[in-house]
Amino acid sequence: MISMNWVKDYIDLKDENLEELANKVTKAGINVEHVVKTNIDNLVIGEVKTCIDHPDSDHLHVCTVDVGTDIRQIVCGAPNVKAGIKVIVALPGAKLPKAEIKKGSIRGIESNGMICALCELGLEEENEENYNKGIHVLPDNAPVGEDAFTYLGVGDTLYDLDVHKHKNNDCRYHIGFAYEIGTILGKKVKLPEANYKEIEDSINNHFTLKVDTENCTYYKAKMVTDLVVGESPEFIKNRLNACGMRSINNIVDISNYVMLEYGQPLHFFDKDKLGDKIVVKQASDNEVITTLDEQERTLTSEDIVITDGNKPVAIAGIMGGLNTDVDNNTKTVLIESAIFNPTNIRKTARRLNLRSEASLRYEKGLDFEYTDAALDRACYLLEKYASGKVLSGKAEYDNEDKKIKKIEFTTERINSLLGIELTDKDIETELNKLDFEYELKDNKFIATIPRRRLDIEENVNDIAEEIGRLYGYHNLKNTVPILPTREGKFEHSFGFKKNISKRMRSLGLNETRTYSLVDEKTANMFYKDRETILIPNPMSNDRNALRKTMIPSMLDVIKYNKSRGLKDINIYETSKVFYDDFKEENHLAVALYGNYISSLWQGKVIKSDFFVLKGIISNLLDYIGLRNRYTFVRSTEESLHPGISADIYLDRKKVGFFGKIHPSINKDEIYVLEISIEELDTSVKPIKFKAASKLPSIKKDLAFIMPKDMDNELVVNEIKKSSNRLLTNIEVFDLYEGENIGLENKSIAYSLTFEDPTRTLTDEEVMEVVNNIIDKVQSNLNISIRS
């Protein structure tokens, strides 16, 4: 939330309609989601006259409350309500953020209003801590009957901003937002007072600083003594409340106030508890600190810590330690204003589940000029509102990159990027609004980027974006892009993948899409020789690894559809898998369950099995031109059924596998295939087509008896080697097992096709080839012909 009353301290808005201004801000690229006016009608100060227990409740109270115009009976459930206190009363008709107050009855007792807590009025965050505090009790001198918000000084207009994730901290603090409004309205920003007096005593007499990590590039510290802890001024409390932060005491409130003002988180250490030294370093693994929320945190070597030389006293950029907290007895504080590595802060905050207001700002990066300004502003406020005395000097460490960012560009370049026609004068106007210093030489602009604009890189695109949003996106004219016409075709690898996908659909399979993130156990189901890539900070343990196989995802799809009554599921997916040192490969995965083809009218059913899947992969490989270059070998994949699976080899290199899922993984008959698309994308000769022969072919059938564990592929390869060019096709047409050939044997029958496109073959010359095949197969494989 941005308090517009607060912003008015830095820029003149007295003639501006704040709702219209919100529209201008949104059109300039910063989305104002809601304009919240904190005034609530029928909200008055009341005095509780009597308070008795509700006759029908163990926690409700029946109160009579003087609201100025009359005395009303109100039922209240707050534990801290009692007679004699001044309270905030919402009368019937008051519209609170989450409810409209009406006259009613609570457990049979009439109630004419509501006694309010600050969180119920939107002045504090709704959480268990604030809820347990009960109703808000006002000072004894609060005037009964007056408007409560006027008394609190919280009548304000708040902007609820939706800041783009790539936008820097500029719109997350009030001075930065004032600059944004100044850019839109063409007005200058006035920075707040930060002048203070220093006493002769120096911080260097009491304190030393050592930075022992490259993840801290800038560290400044000031020391303030003789502090008087008390309540904050009303304007500080009201502004913190408006932004959702509760007031604690003047010391702590000032640190939060300056953070919301400059966007620079500060941390106040109780100097007497801290000692005379600070060492900034990386934490040790398993080092422990108890933070301000009284939670014990275990650290790792990736975390940055502030120590007193011996023990940690704060988790840098996130939360301070309980051992150096500011309390009611604090007299001297050491103020830390620093810049830490945003990546380390983000990782630590996420791992510890400790996202604080400070860490959110550190994660976006900080401007060292504001690091200094925030430190001076805090000293000024402590001197003024806590009676502090500021010691001279600073403890400082500076390894910050202070390179000035300059961007060179021409008006023509801006126009080409935005598609509009601006003049040099227009560009100058927008740069002046942005408060960017610039030179114009030889029709070229050289703009200097203010350090507070960390989101702008030395890139003309960023300048074009700034100029474009001020010009107004709504002012851009709709135009049809003019592009040269060229032949429309896919880039090769993408086109190859699309071609495979098209072939799978033509074979009757349905395409699916699944997540690339899986759990570690699932990722290791296949390809156990490949290293699994784990996600460093997963959103959940169910998605903590990148998959190196798609088959588990396909099994999940089958399970999902099966549970919804589908009996026949034939699916495929083409997607990436990841393994080892972030290698990526496109894979094809297929899964079959139930029937591959089912025709009720014709009464024909083809059940999905190993041979159907083998036919699908053979069809695909032949289609892309790899006929006679691939073979199938008994699979070594442990997650497949050992007797119903095969590995796919292309040019003697394993490129995939297929078969039935092992019963230990899934007891259903599910057949799966996975193959590397990139290994298939190899050079192939153009596919040649030839007309069917006009001459007759000759077919001969052979059956061989062989051991049951012998692969059919061995026999087929031996037949091919033992024949000549006349053999054009080999097909298996029968498998027989029985006692008459031996229980340890099987018989496979082959149909051999012989053909010559130039002449008619004779039976004699074909039999000569057949007899040679029989002899070679029997002798080389030690099997016999079945007569």
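Colleague: Where is R239 found?
Modeller: In this predicted model, R239 is found in helix α6, which covers residues 234-242.

Colleague: Buried or exposed, that R239?
Modeller: R239 counts as buried, because its relative accessibility is 13% and buried means under 20%.

Colleague: And which residues does R239 touch?
Modeller: Not counting residues up to four places away in sequence, R239 touches N5, W6, D9 and Y257.

Colleague: Let's move to helix pairs. How do α2 and α5 pack?
Modeller: Helix α2, residues 18-27, and helix α5, residues 174-185, pack at an angle of about 90°, and their axes are 10 Å apart. The two helices α2 and α5 are therefore roughly perpendicular to each other.

Colleague: Which residues of α2 and α5 meet there?
Modeller: From α2 there are L21, K24 and V25, and these meet F177, I181, I184 and L185 in α5. Sorted by class, the contact of α2 with α5 has 6 nonpolar residues, no polar ones and 1 charged residue.

Colleague: What about α13 and α14, at what angle do they cross?
Modeller: The axes of α13, residues 424-434, and α14, residues 460-471, cross at roughly 95° and come within 10 Å. As a result α13 and α14 are roughly perpendicular to each other.

Colleague: Which residues make the contact between α13 and α14?
Modeller: On the α13 side the contact is made by I427, E430, K433 and L434, and on the α14 side by E466, I467, L470 and Y471. By class, the contact of α13 with α14 has 5 nonpolar residues, no polar ones and 3 charged ones.

Colleague: Then α12, which of its residues are buried?
Modeller: In helix α12, which spans residues 411-418, T411, I414 and N415 are buried. Looking down the axis of α12, these buried residues fall within an arc of 100°, so they line one face of the helix.

Colleague: What do the buried residues of α12 pack against?
Modeller: The buried residues of α12 pack against strand β27 at 406-409, helix α13, strand β29 at 444-448 and helix α14.

Colleague: What comes just after α12?
Modeller: Just after α12 there is G419, which takes a positive phi of about 75°.

Colleague: Which residues other than glycine have a positive phi?
Modeller: N353 is one of them, with a positive phi of about 55° although it is not a glycine. Y527 is another residue other than glycine with a positive phi, in this case near 50°.

Colleague: Where are N353 and Y527?
Modeller: N353 is found in the loop between α9 and α10, while Y527 has its place in the loop between α16, residues 520-523, and β32, residues 533-534.

Colleague: Are they buried or exposed?
Modeller: N353 is exposed, with a relative accessible area of 68%, whereas Y527 counts as buried at 7% relative accessibility.

Colleague: Which residues meet between α9 and α10?
Modeller: P342, I345, R346 and A349 in α9 meet S359, Y362 and E363 in α10. The residues of this contact of α9 with α10 divide into 4 nonpolar, 1 polar and 2 charged.

Colleague: New topic, where does E439 lie?
Modeller: E439 lies in strand β28, which runs over residues 437-441. At 35% relative accessibility, E439 counts as partly exposed.

Colleague: What is E439 in contact with?
Modeller: Leaving aside its neighbours within four places in sequence, E439 is in contact with K444, F445 and I446.

Colleague: And how far is E439 from E19?
Modeller: Their C-alpha atoms are separated by 36 Å, and E439 and E19 are 420 residues apart along the chain.

Colleague: Last one, where does D58 lie?
Modeller: D58 lies in the loop between strand β3, residues 43-53, and strand β4, residues 61-66. With 79% relative accessibility, D58 counts as exposed. From C-alpha to C-alpha, D58 and G77 are 9.6 Å apart in space, and in sequence they are 19 residues apart.

Definitions and conventions:
Residues numbered from 1 in each chain as written. Predicted model: local features only at pLDDT ≥ 70, side-chain atom pairs only at ≥ 80, totals over all residues. Heavy atoms only, no water. Axes fitted to C-alpha atoms, helices over the stretch in contact; angles between N-to-C directions. Helix = DSSP H or I, 4+ residues; strand = E, 2+ residues; numbered from the N terminus. Parallel < 35°, antiparallel > 145°, perpendicular 65-115°, else oblique. Contact = heavy atoms within 4.5 Å. Nonpolar A, V, L, I, M, F, W, Y, C, P; charged D, E, K, R; others polar. Buried < 20%, exposed > 50% of the residue type's maximum accessible area, 1.4 Å probe, protein only. Arc of directions from axis to C-beta.
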